[in-house]
Amino acid sequence: MSDTNNPRDYVVIKALEDGVQVIGLTRGTDTRFHHSEKLDKGEIMVAQFTEHTSAVKLRGKAIMQTSYGEIRNDDQ
Ligand code: TRP
């Protein structure tokens, strides 16, 4: 549960090409896509894990920063 002592995590995503997709997956017993956001090169999205979103799938060349470090998705 999110409160002031235990806030929800954020991730920061920067697209390195046009058409990068940030896909949100639902929380709970049923894990499915609920939102797909398209980013063009240079666009940045700041996304939070919420009561509706437990996972994020990233498709395309992008940099993602999380509290665990930075991940670069560019060798495809
Ligand atoms: N309505 C969604 C939610 O509150 C919006 C959202 C939050 C989202 N984090 C996301 C959509 C990450 C895609 C990816 O959970």
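Biologist: Which atom of the ligand does a polar side-chain atom of Thr53 lie by, and at what distance?
Modeller: A polar side-chain atom of Thr53 sits 2.5 Å from an oxygen atom of the ligand. Keep in mind that this is a predicted model.

Biologist: OK. How much of the ligand does the protein bury?
Modeller: The protein buries 72% of the 360 Å² that the ligand exposes when taken alone.

Biologist: And which elements give two or more residues to the shell around the ligand?
Modeller: Those are strand E3 (33–39), strand E4 (44–48) and strand E5 (53–59).

Biologist: Which residues surround the ligand, then?
Modeller: Gly24, His34, His35, Ala47, Gln48, Thr50, His52, Thr53 and Val56 surround the ligand. By type, the shell has two nonpolar residues, seven polar ones and no charged ones.

Biologist: Back to distances. What about Thr50?
Modeller: Thr50 has a polar side-chain atom 2.4 Å from an oxygen atom of the ligand.

Biologist: And Gln48, what part of that residue lies 2.7 Å from the ligand?
Modeller: For Gln48, a backbone N or O atom lies 2.7 Å from a nitrogen atom of the ligand.

Biologist: New topic. Where does Met45 lie?
Modeller: Met45 is in strand E4.

Biologist: What does Met45 contact, leaving aside its neighbours within four places in sequence?
Modeller: With those neighbours set aside, Met45 is in contact with Val11, Val12, Ile13, Val22, Glu37 and Leu39.

Biologist: Take Ile13. How many residues apart are Met45 and Ile13 in sequence, and what is the distance in space?
Modeller: Met45 and Ile13 are 32 residues apart in sequence, while their C-alpha atoms are 5.2 Å apart in space.

Notes: Residues are numbered from 1 along each chain as its sequence is written. This is a predicted model: local features need pLDDT of at least 70, side-chain atom pairs count only at pLDDT 80 or more; totals for chains, interfaces and linings use all residues. Side-chain values use heavy atoms; hydrogens and water are left out. A residue is near a molecule or strand if one of its heavy atoms lies within 4 Å of it. A polar contact is a pair of N or O atoms within 3.5 Å; within protein, one must be able to donate a hydrogen and the other to accept it, and residues adjacent in sequence count only if both atoms are side-chain atoms. Accessible areas come from the Shrake-Rupley method with a 1.4 Å probe; for residues, only the protein chains shown count as cover. Helices (H or I, at least four residues) and strands (E, at least two) are DSSP runs, numbered from the N terminus. Ala, Val, Leu, Ile, Met, Phe, Trp, Tyr, Cys and Pro count as nonpolar, Asp, Glu, Lys and Arg as charged, and the others, Gly among them, as polar. Contact means heavy atoms within 4.5 Å.
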